[in-house]
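This report describes one protein chain for a reader who is new to structures. Please look over the sequence and the model before reading on.

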Amino acid sequence: MEKHIKSHSETEIVNGCIALMQELVGEFEDYLDFMNIIPESEEERFAVNFSYFHIVQRLMLWKTMHSGGTSTTEKCRALGFDPSDIVSFKDERDKEETS
């Protein structure tokens, strides 16, 4: 008999992946500090933005028959995300250091 192991909902999985990516950015900041790399301007700070459209498409629909724009938009809305909303992953170290 197979055990049924309960897992998170798809919405929770998306939010968990975003949290993991934020954690990775924090680890990257620690690495930059260790290497004594301090940005001298806002333009030099690490920053990348992903739309929920991109995140949901990659996590939930990548390499499926439903990875197009309409299906991805529908999936975002079904999960409670606005596909055009942006999640920013950026260097949040004390910005006073560069002033």
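What percentage of the contacts in the chain between residues at least 6 apart in sequence join residues at least 24 apart? The value is 76%, where contact means heavy atoms within 4.5 Å.

## Basis of the model

This is a predicted model, in which local features need pLDDT of at least 70 and side-chain atom pairs count only at pLDDT 80 or more, while totals for chains, interfaces and linings use all residues. Residues are numbered from 1 along each chain as its sequence is written, and side-chain values use heavy atoms, with hydrogens and water left out.

## Overall layout

The chain contains 3 helices and 2 strands, in the order α-β-α-α-β from the N terminus. Helices (H or I, at least four residues) and strands (E, at least two) are DSSP runs, numbered from the N terminus.

The radius of gyration, taken over C-alpha atoms, is 18 Å for the chain, well over the 13 Å from the globule rule for 99 residues, so the chain is more spread out than a compact globule. That rule is 2.2 Å times the number of residues to the power 0.38. The C-alpha trace spans about 55 × 35 × 20 Å along its principal axes. Of the 99 residues, 22% are buried (under 20% relative accessible area; exposed is over 50%, partly exposed in between, with a 1.4 Å probe and protein chains only).

## Helices α1 and α2

Helix α1 (residues 10-34) packs against helix α2 (residues 52-61) at an angle of about 110°, and their axes are 11 Å apart. Axes are lines fitted to C-alpha atoms, for helices over the stretch in contact, and angles run from 0 to 180 degrees between N-to-C directions. The two helices are therefore roughly perpendicular to each other, a label for angles of 65 to 115 degrees.

On the α1 side, the contact is made by Glu10, Ile13, Val14, Cys17, Ile18 and Met21. Tyr52, Ile55, Val56, Leu59 and Met60 contribute from α2.

## The strand pair

Strand β1 (residues 47-51) and β2 run antiparallel and are joined by 5 bridges; strands pair if DSSP finds at least two bridges between them. Serine 51 stands opposite isoleucine 86 in β2.

Side chains alternate along β2 (residues 86-90).

## Histidine 66

Histidine 66 lies in the loop between α2 and α3 (69-79). Apart from neighbours within four places in sequence, histidine 66 is in contact with Leu61, Ser71 and Thr72.

How values were computed. Parallel < 35°, antiparallel > 145°, perpendicular 65-115°, else oblique.
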